[in-house]
Amino acid sequence: MRSVTLFSNKKDPKDAARHILEQARSRLDFEPDLALFYATLKYNGKYQSMLDIFQEEYGGIPQIGASVDGVIYPDDMRMDGAALVLCEDDEAEIRVDGIKEKGALESAEKLAKRVKCEKGAIVLHFPLVHVPDPLKSAEFYAKGYYYSKICKGASPEKQKEFAGKFANYCEKENIFYLPPTILNIFSEQTNHKIPILGINVLHTQVRFNSPSIFCNFEDIGGGIAALTIEKENVNAVYDDIFPEKGNTVEETRSVVDKEFKVIRKFKANFEKNILISLDGMPPMQAVKDLIYAPEEKTEETLKHLEKGDYNLTFRVSWVTKF
Amino acid sequence: MTKAIEEILDELYDIDGVEACILYRIDGVPILLRTTGNREDLLETMFWLEKQIKNVLGGMNTEGLKDTVFFFRNKRIMIAPSTRSTVLVTIMVEEANQQLISLETLRVIRIIKDCLG
């Protein structure tokens, strides 16, 4: 596969799109078969105007992309702007499908039925958490607050019931997409024969109506898009900075104990994707004063903190029977 | 070389929240400036900078700091030495994403170093 990457960070979205097209005209020496478009939050809410400009030039080819926090490409990293990658592969059959309907799982199931791939790979783009518009966001916070309030002092059964209702609401409003569930839906639909890759989009800054997924030159907001590459001998390689999960809960526990410094263990109470309590306490209260610094490094840590050049990382591991 | 530095300053200036970016000589004399229009408030900031740059750089050198951020009126000002003889100043609005802009500033400094260093 041949490709060329074009980038612009002009203030105006239309100027940026035109700037990218100018570069493409001078640098492109092949007929592209696929366009990948990624843009930072700088253009939030204005992505469609950029996609329209690209469509005029490359409307005939499939396109996929998303809003991101930054882009890394050979010898450079940019945290502000938009990148268009044009690719060519004569041997591959490339398609992009997308969906934006009520319900994260329902959308994934419908799209999975539409996507057909015999050989090759499927690359999914979907948000990990989608922040809706101001009205829906206010509703989300109000509902969360309400369920959290009525859970206090309620019986465990009632707590589970309320958490379940809130989880269903989040699912119906496409607020949370659970990567293992989404990937599994596509994997089952293709009989586990081809690799399914998921790009879970999440911004470090919270903005309304973000992140956005792009599918065939359309901004489908918090929908799901699937890039299907039908080609012989496509291989997906998996690696992780974290250790492999064990086959049983006990095995996973021992892996976590071995690889990380466990500060404290809690007994968690979940319903779907909602965490109800940790050791019977509200989750925020349970972890509020949890601070740890390895004894031998305390002095060194304080020295860095004084200079203001220390990054603190917290990690919470959930060992589940999933 | 000048064109490359001008282009890179253009890119820095195009970032959301950046009001101006100025490449100074270490004695406080501006070499290159990117901003829009004739802005009085910016002139005031520039006068302040001209007076302060030498002292700030001296302080940074003593403390071993790579860059420093000041709040002046309602602006955030990032001062970062780019080469042995130049310093890059980025003026941001209060609500700008400082983390993002500092990463982009590092990139600009790397390119200025390649050109002048």
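A residue counts as buried here if 20 or more other C-beta atoms lie within 10 Å of its own. Keep that cut-off in mind for what follows, in a model that is predicted.

Start with helix H5 of chain A, residues 156-172. The helix has 17 residues and reaches 24 Å from its first C-alpha to its last, close to the 24 Å expected. Its buried residues are Gln159(A), Phe162(A), Ala163(A), Phe166(A), Cys170(A) and Glu171(A). An α-helix has 3.6 residues a turn, so residues three or four places apart point the same way. What covers the buried residues of H5(A)? The cover includes helices H3 (104-114) and H4 (134-151) of chain A, along with strands S13 (268-271) and S14 (274-278) of that chain. After H5(A) comes Asn174(A), with a positive phi near 55°.

Turn next to the cores. The largest nonpolar core holds 48 residues, and Phe37(A), Met50(A) and Ile224(A) touch the most other members. Strand S2 of chain A, residues 34-40, supplies the largest share, six residues. A second, separate core has 30 residues, among them Tyr13(B), Met92(B), Ile101(B) and Val108(B).

Now the meeting of the chains. Eight residues of chain A are in contact with nine of chain B. On the chain A side, four are charged, two polar and two nonpolar. The predictor gives the complex an ipTM of 0.76 and a pTM of 0.83.

Last, confidence in chain B. The mean pLDDT is 88, and 99% of the residues score at least 70. Within chain B, strand S3 (residues 68-72) is lowest, at a mean of 85, and strand S5 (residues 86-93) is highest, at 94.

Conventions: Residues are numbered from 1 along each chain as its sequence is written. Chains are lettered from A and ligands numbered from 1 in the order in which they are written. This is a predicted model: local features need pLDDT of at least 70, side-chain atom pairs count only at pLDDT 80 or more; totals for chains, interfaces and linings use all residues. Helices (H or I, at least four residues) and strands (E, at least two) are DSSP runs, numbered from the N terminus. The expected span of a helix is 1.5 Å times one less than its number of residues. A residue is buried if 20 or more other C-beta atoms lie within 10 Å of its own, exposed if 12 or fewer, and partly exposed in between; C-beta atoms are placed from the backbone. Two residues are in contact if their C-beta atoms, placed from the backbone, lie within 7 Å. pLDDT is the predictor's confidence in each residue, from 0 to 100. Ala, Val, Leu, Ile, Met, Phe, Trp, Tyr, Cys and Pro count as nonpolar, Asp, Glu, Lys and Arg as charged, and the others, Gly among them, as polar. A nonpolar core is a set of buried Ala, Val, Leu, Ile, Met, Phe, Trp, Tyr and Cys residues joined through C-beta atoms within 7 Å.
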